Amino acid sequence: MAILSRLYSQPSGHSTQIHSKGKTVTQQTFAQQLTRTKPIDSDAHLTDEPGANSLHRSLGLFYLTMIGVGSTIGTGIFFTMVEAVPKAGPSVILSFIIAAITAGLTALCYAELSARIPSSGSSYSFAYATVGEFLAFVVAACLLLEYGLAASATAIGWSAYLNHFLSNALGWHIPAQLRAPMFVSGTSGIEVHSGQFNLPPMVLVAICCFLLIRGAKESATVNAIMVLIKLAILLFFAVVAFSGFNAEHFTPFFNNDTSRGWVGMAGVTAAAGTVFFSFIGLDTIATAGAEAKNPRRNVPLGLMAALGIVTVFYLAVATAAIGAQPASMFEGQEAGLAVILQNVTGKAWPALILSAGAVISVFSVTLVTLYGQSRILFAISKDGLIPQSFRRVNHRTRTPVINTVVVCIMVSLVAGSVDSTFLWDVVSMGTLVAFMVVSIAVPVLRHKQIGQETPGFRIPFGPYFVPGLSVLACLYILKDLSAATYHMFFLWMAAAVVIYFAYSMRKSKLRHQ
């Protein structure tokens with residue numbers, strides 16, 4: 001942490017002034033350009049006064065909490081159990097606890113940062129105000145990867161539950177050619193199946209796009225209703241599944257299959273990396289800072305409330321699911337929780353209710369994830385680091401329409417053509433890297449005394465202890481992600497670095513101020 005103090009001890013605006021033709025031109029060194037920071041009061045859209053490109057403050061504590069719960073619960077339980085249980089076995093419960101502790105440590109960092117820097121863009125805005133422009137752009141690239149692929153992955157999973165619901169309710173299946181991706185993960189690598197695509201997730205993204213264009217308050221209301229329904233459905237699952245609980249399913253507790261290298265705690269950590277991306281709901285709350293009422297109070301409270309609700313439901317449902325079904329049956333299972341209920345009760349109606357709940361659940365997850373990505377692009381565009389078209393706001397709905405449409409088109413193309421197997425761990429990696437930068441931003445914030453007079457939450461035990469634990473926890477999960485995940489992530493980051501030096505550094509508003 002002493003390195004951070006030395007690196008950021010000089011004011012980011014330190015520069016050389018040259019007088020030419022009656023004008024004063026400010027020149028910064030290369031290092032100063034990379035580390036220049038954005039004043040926290042420089043965003044016009046942080047005020048409550050309406051403007052041509054300002055966002056409307058309409059979200060209170062309840063809506064913010066529901067946004068966090070809506071973007072979190074759904075992915076980790078409805079889908080990733082199929083991916084995570086084969087890695088960890090019954091000890092996947094520990095994986096959720098590790099992920100929750102890591103997210104909780106980072107949530108404390110988010111709480112202090114959001115109290116001092118209430119802004120649209122979350123981790124990106126926090127990094128820009130503390131550790132500098134280049135690292136902020138790196139975080140932005142992580143967030144765009146994280147949110148885009150998370151929305152695609154959840155939309156893909158929605159297709160399986162929709163098909164299960166239609167099968168039980170109407171006796172009709174979606175044709176296989178219309179719910180199978182073109183690019184799939186095979187035994188010999190990537191396989192291309194021309195002539196097929198996954199239509200349902202593309203339809204889902206289109207509906208979410210329509211709601212988001214209508215306005216943040218309208219989409220937040222729809223989300224809140226869906227979240228309450230979802231929590232009731234998951235509670236219903238836990239009650240029914242516990243009726244078939246068998247303690248023998250937890251023996252052996254750790255994975256003992258040596259063929260894949262997931263024995264013992266290695267499997268627990270690998271599974272934690274898979275499920276961790278579901279905690280991006282915390283970050284989604286922070287992206288709503290520019291549209292929150294009293295953000296310095298409501299964003300920190302919303303973060304902690306959402307984390308508490310999410311953790312309780314994850315552990316309850318995961319325990320009930322493993323108690324009702326042996327760990328060996330999870331791998332490759334489609335619409336897993338619905339199948340568990342059908343097997344426990346021997347009847348179709350509980351599975352029908354669960355499938356309907358999953359359809360609603362994933363709808364809300366996809367909606368708020370798309371919302372988060374569009375607001376990150378909005379924040380980046382306002383800073384001049386990407387084209388200004390991403391910051392244009394419709395005068396009637398006060399929403400970034402062009403931005404939202406572009407995001408939804410890209411997400412729908414990925415969701416309709418790619419197997420979700422490629423997506424889960426890459427999303428987790430982007431989330432973990434962004435969380436680490438947020439944690440590092442706290443001691444920098446304290447050292448620079450940014451917003452020190454602002455009332456609000458402060459991390460206990462000083463500026464280093466909790467952020468340091470958060471970074472270590474993220475690194476612990478990162479160490480067991482696959483080599484393919486690292487390759488995909490570094491390719492994406494390489495492209496981001498090229499864009500920054502070719503376009504963003506020259507177009508930055510801070511460069512021209």
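Biologist: Which residue does Glu133 form a salt bridge with?
Modeller: Arg36. This is a predicted model, and in it the closest N and O atoms of the pair are 2.9 Å apart.

Biologist: Is Glu133 buried or exposed? And Arg36, buried or exposed?
Modeller: Glu133 is buried, at a relative accessible area of 0%. Arg36 has 2% relative accessibility and counts as buried because the cut-off is under 20%.

Biologist: What does Lys38 pair with?
Modeller: Asp383, with the closest N and O atoms 2.4 Å apart. Lys38 is in the loop between α2 and α3. Asp383 is in the loop between α15 (349–382) and α16 (401–417), 345 residues apart from Lys38. Lys38 and Asp383 are buried.

Biologist: How many salt bridges in the whole structure?
Modeller: A search finds 5. One of them joins the side chains of Arg446 and Glu112, 2.7 Å from N to O.

Biologist: What does that pair tie together?
Modeller: Arg446 lies in helix α17 (residues 424–448) and Glu112 in helix α6 (residues 92–116), so parts 334 residues apart in sequence are tied together. Arg446 is partly exposed at 24% relative accessible area, whereas Glu112 is buried at 0%.

Biologist: New topic. Where is Ser470, and what does Ser470 touch?
Modeller: Ser470 lies in helix α18, residues 465–478. Leaving out residues up to four places away in sequence, Ser470 touches Thr102, Leu105, Thr106 and Ser439. Ser470 is buried, with a relative accessible area of 0%.

Note on methods: Residues are numbered from 1 along each chain as its sequence is written. This is a predicted model: local features need pLDDT of at least 70, side-chain atom pairs count only at pLDDT 80 or more; totals for chains, interfaces and linings use all residues. Side-chain values use heavy atoms; hydrogens and water are left out. Helices (H or I, at least four residues) and strands (E, at least two) are DSSP runs, numbered from the N terminus. Buried means under 20% relative accessible area, exposed over 50%, partly exposed in between (1.4 Å probe, protein chains only). Contact means heavy atoms within 4.5 Å. A salt bridge is a side-chain nitrogen of Lys or Arg within 4 Å of a carboxyl oxygen of Asp or Glu.
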